[in-house]
Amino acid sequence: MRQTCRLILKEQFHLELLKTRRAYGLTQMEMAALLLMDPRSYLELDHGSSLAGTLTFVLYLLSLCPDPAAFLEAVRASLPEDLPRLPAGSVPRRPPAGLPVSEILVRPDGCAFPVCPRCETPLEREYQAFCDRCGQALLWRDYPHGAAVRRVR
Ligand SMILES: [Zn+2]
């Protein structure tokens with residue numbers, strides 16, 4: 001499957017480069033310079049004998065391609081239909097909303113602990129991502145300067 005995709009992309013990109021080069025009236029040397037690549041390497045792309053690397057592909061899309069969306073849609077349409085895909089309706093997971101740690105508990109012996117903003121339990125370590133006890137996601141951006149100090153006797 002991967003090899004099939006490589007061959008299809010190589011052919012699609014080769015045809016796209018030819019079309020773009022002719023549309024702008026550019027030489028192979030000028031295309032190579034615009035894509036920041038060695039002219040001999042560009043010739044291999046231009047002749048369809050090698051597949052572009054990621055940098056060349058991105059540079060092409062960003063600086064030369066007249067219609068990146070149309071080009072990518074043409075590539076998508078030419079790839080096999082049974083490519084692995086996420087199930088329909090999938091949405092990216094969001095990280096749990098964090099609460100800012102805004103309190104420091106100072107014991108009589110001088111030891112200080114940040115306090116969980118949800119369950120108010122002293123936390124074992126500073127800058128831990130979640131509370132050990134209640135699982136609350138913690139935000140540390142204002143800690144320790146914005147935190148209130150509470151002393152216990
Ligand atoms: Zn907690």
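In this predicted model, the protein chain is divided into two parts: domain 1 covers residues 2-78 and domain 2 covers residues 98-153. Taken over C-alpha atoms, the centres of domain 1 and domain 2 are separated by 54 Å.

Domain 1 spans residues 2-78, and a helix pair can be followed from residue 2 to residue 78: helix α1 comprises residues 2-24 and helix α5 residues 68-78. Two packed helices are described by the angle between their axes and the distance between the axes. For α1 and α5 the angle is about 145° and the axes lie 10 Å apart. The crossing of these two helices is right-handed. On the α1 side, the contact is made by Ile8, Leu9, Gln12 and Glu16. They meet Phe71, Ala74, Val75 and Ser78 of α5. By residue class, the contact of α1 with α5 consists of five nonpolar residues, two polar ones and one charged one.

The other element to follow is a sheet. Three strands form this open sheet, in the order β3-β2-β5, with mixed pairing. Its edge strands are β3, residues 112-114, and β5, residues 148-151, each of which pairs on one side only. Neighbouring strands of the sheet are turned against each other by 25° on average, with direction ignored.

Strand β2 runs over residues 103-106 and pairs with β3 in the antiparallel sense, over three bridges. Which residue in β3 is the bridge partner of Ile104? The partner of Ile104 is Pro114.

Key
Residues numbered from 1 in each chain as written. Predicted model: local features only at pLDDT ≥ 70, side-chain atom pairs only at ≥ 80, totals over all residues. Pairing = 2+ DSSP bridges. Helix = DSSP H or I, 4+ residues; strand = E, 2+ residues; numbered from the N terminus. Axes fitted to C-alpha atoms, helices over the stretch in contact; angles between N-to-C directions. Domains from an automatic or database assignment. Left-handed = near helix turned anticlockwise from the far one by under 90°. Contact = placed C-beta atoms within 7 Å. Nonpolar A, V, L, I, M, F, W, Y, C, P; charged D, E, K, R; others polar.
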